[in-house]
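User: I would like to go through the terms used for this structure and check each one against its cut-off.

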Amino acid sequence: MRFNLMAGCALAMMAVCSAAHAQQTQPTPPVSNYNYHDAFAPLFYTKNGSEFRAADGQPGPKYWQNRADYQLAAHLDDQTNEITGTELLTYTNNSPQSLGFLWMQLDQNLFKSDSRGTAIIPPSGSRNGGRGQMPDGGYKIKSVKVAGVDVKYAINDTRMQIFLPESVKPNGGQIKLNIEYSYIAPEYGSDRTGILNTKNGKIYTIAQWYPRMYVYDDIMGWNALPYTGPSEFYLEYGDFDLSITAPANHIVVASGELQNPTEVYTAEQQKRWAAAEKSETTVMIRTADEVTNAASRPAGKKELTWKFKIKNARDVSWASSAAFIVDAAKMDLPSGKKSIAISAYPVESNGNDAWGRSTEYVKKSIEYNSQKWFEYPYPAATAVAGIVGGMEYPGIVFCGYRAKKAQLWGVNDHEFGHTWFPMIVGSNERLYGWMDEGFNTFINTLSSADFNKGEYAPRKIDMQRTSNTITNPTLEPVLSNPENLKEANNGILLYFKPGMGLTMLREQILGPERFDFAFRTYVARWAFKHPTPDDFFRTMENASGESLQWFWRGWFVNNWRLDVAVNDVKYINNDPSKGAYITLTNMEKMAMPTPLEIKFKSGKVERIKLPVEIWERNSSFVVKYNSTEEIESVTYDPDKTMPDYNPDNNVWKKQ
């Protein structure tokens, strides 16, 4: 069509006039650090889906993982604190590669005076490493055998490489190792294991107590990173058969189900156990008065051997003491499967404001999370009071013996929350501590709000105030190796920031219904498997039907900040009854949905919530609002649910 010169001039003049009107209507926005090309950049995922890990976040059709089954026996000498053990390991290689050597974790070597972990403890001290350990701490490996024949091995710090006479064949090949070892238990071992002295005897909380297999996976092959204390564990799944021999006056509790109660409990205590298995309320198995009564332990032997079994677990731990009070109650699981909550604690921790309520806490925490996310998989759940402030293992947790009331609820709820992350969903804690600590911190907010009609419900968080801490420019990103974090930042970056991120995702972005479905899908897909961050991100997007790459990029991958300013309000044709233009500017690099509260001259208040897409191609955005009267004020994020660190520009008021 032939171009009409007059029409073209008219269009040009209209464009100029419109631009001039826009300049009058919309003030020049302040200088912004926001770049929508960064926030909404394409190609967030650097790898396509594969036959091992699908593009939608679920395990692929050829996903595999290896397996480690253990028969463990240990003897506790409570005079020398020495633990002597034997291990029969059956290792199954389900990978498509032959394995000519194996890597095992020797975590007790952290407590040797010349370990890497000891070397990196600063002069100011650390919760990592040990204190009070014997000068000859660490493992003494006495033998490693295959088919009864000694094999060559090499120990480097907290790792042992085993050189095999024949490679373990791929796709289901197996090998059996026999290992003999001993070590002196440290008094305090990186706040994960240790010995508490009480007036009625020592409490041994024993963890990382046997050589454990490193994970061989499709991501890195052997994940043979040294154990230096800050980061936790990455372990294969398998079945465990363990026997613990301890002084006869001790009571032993452990991961899994006790196999020989008639040999280690009195007839009266066995009756109490039977009652507890049917009771909704706590039943005393061994009372405070009975702790010093010799009749509360079987007579006639100097030592007793306790036998436990647990299936499809990633680890086992145990505790032993002559000082234990023990109580228990049944847990009500969705399928009706039998399981029992147990607490073991000293007289010093007794009382209804303290460990006397521990079993109630364990029961309610596990019942809630079983109903909400995935059913608790173990036959027992035991909370032990000891020197360890809080640490989780399959079916058993260690918590501080001084904890009371809300603190005790919180530590029990948190440590047993780890049943879901990383005991069921077996992420790599060595590299991605936020995938267990942060996820668990998030589910704790929901279980705490539910417990006893909110007895210990968490207070509502002011995200604007909190943002000065959790998005402080001095912080590392959440998606950092725990070993690379300043120790002072661990609590923020492993626990609170990822936990708050999931709360925002649930409450402000997806909504509870969509979030809960996606989160349950993630747990179900990766139960007893090894997910990566991408597997989580992809699952949440595919199951919720929402592209969330802007959110992962701003909150997890980078340490970006949020600062939204309400710049100005202008009326269409200077008439409030015809509508208003509200100008917003994103001043920083993070994008989020934008809630606004609009107050009118009459006192009426209205709220709107703009989607995150307003920032998809703009650093400044003008909202056309259908006002019918004069606006007194516009407030961004009135409920303080967004991590906006600069509230000074959040409110526009009529001059």
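User: Why does Phe-439 count as buried?

Analyst: Buried means under 20% relative accessible area, exposed over 50%, and partly exposed in between, with a 1.4 Å probe and protein chains only. Phe-439 has 0% relative accessibility, so it counts as buried. As for the basis, this is a predicted model, in which local features need pLDDT of at least 70 and side-chain atom pairs count only at pLDDT 80 or more, while totals for chains, interfaces and linings use all residues. Residues are numbered from 1 along each chain as its sequence is written, and side-chain values use heavy atoms, with hydrogens and water left out.

User: What makes the pair of Phe-439 and Tyr-522 edge-to-face?

Analyst: Rings of Phe, Tyr and Trp (its six-membered ring) pair if their centres lie within 6.5 Å; planes under 30 degrees apart count as stacked, over 60 as edge-to-face and the rest as tilted. For Phe-439 and Tyr-522 the centres are 6.1 Å apart and the planes stand at 80°, so the pair is edge-to-face. Phe-439 belongs to helix H9 (residues 434-450) and Tyr-522 to helix H12, 83 residues apart, so distant parts of the chain are linked. Helices (H or I, at least four residues) and strands (E, at least two) are DSSP runs numbered from the N terminus. Tyr-522 is buried as well, its relative accessible area being 0%.

User: How many aromatic pairs are there in the whole structure, and why is the pair of Phe-421 and Phe-519 called tilted?

Analyst: The search finds 55 aromatic pairs. In the pair of Phe-421 and Phe-519, the ring centres are 5.5 Å apart and the planes are at 40°, so the pair is tilted. Phe-421 is in helix H8 (residues 419-424) and Phe-519 in helix H12 (residues 512-525), so this pair ties together parts 98 residues apart in sequence. Both Phe-421 and Phe-519 are buried.

User: Which charged end sits over the ring of Tyr-45?

Analyst: That of Arg-538, 4.2 Å from the ring centre. A charge sits over a ring if NZ of Lys or CZ of Arg is within 6 Å of the ring centre and within 35 degrees of the ring normal. The charged end of Lys-372 also qualifies, over the ring of Trp-373 at 5.5 Å from its centre.

User: What puts the buried residues of helix H5 on the same side?

Analyst: In H5 (residues 267-276), the buried residues are Gln-269, Arg-272, Trp-273 and Ala-276. They cover an arc of only 105° around the axis, which puts them on the same side of H5; the arc is that of the directions from the helix axis to the C-beta atoms. An α-helix has 3.6 residues a turn, so residues three or four places apart point the same way. Ala-267 and Lys-271 are exposed on the other side of H5. Strands S19 (283-286), S22 (325-330) and S23 (340-345) are among what covers the buried residues of H5, contact meaning heavy atoms within 4.5 Å.

User: How do you know that S1 and S2 pair, and in which sense?

Analyst: Two strands pair if DSSP finds at least two bridges between them. Strand S1 (residues 67-77) and strand S2 (residues 82-93) have eleven bridges and pair in the antiparallel sense.
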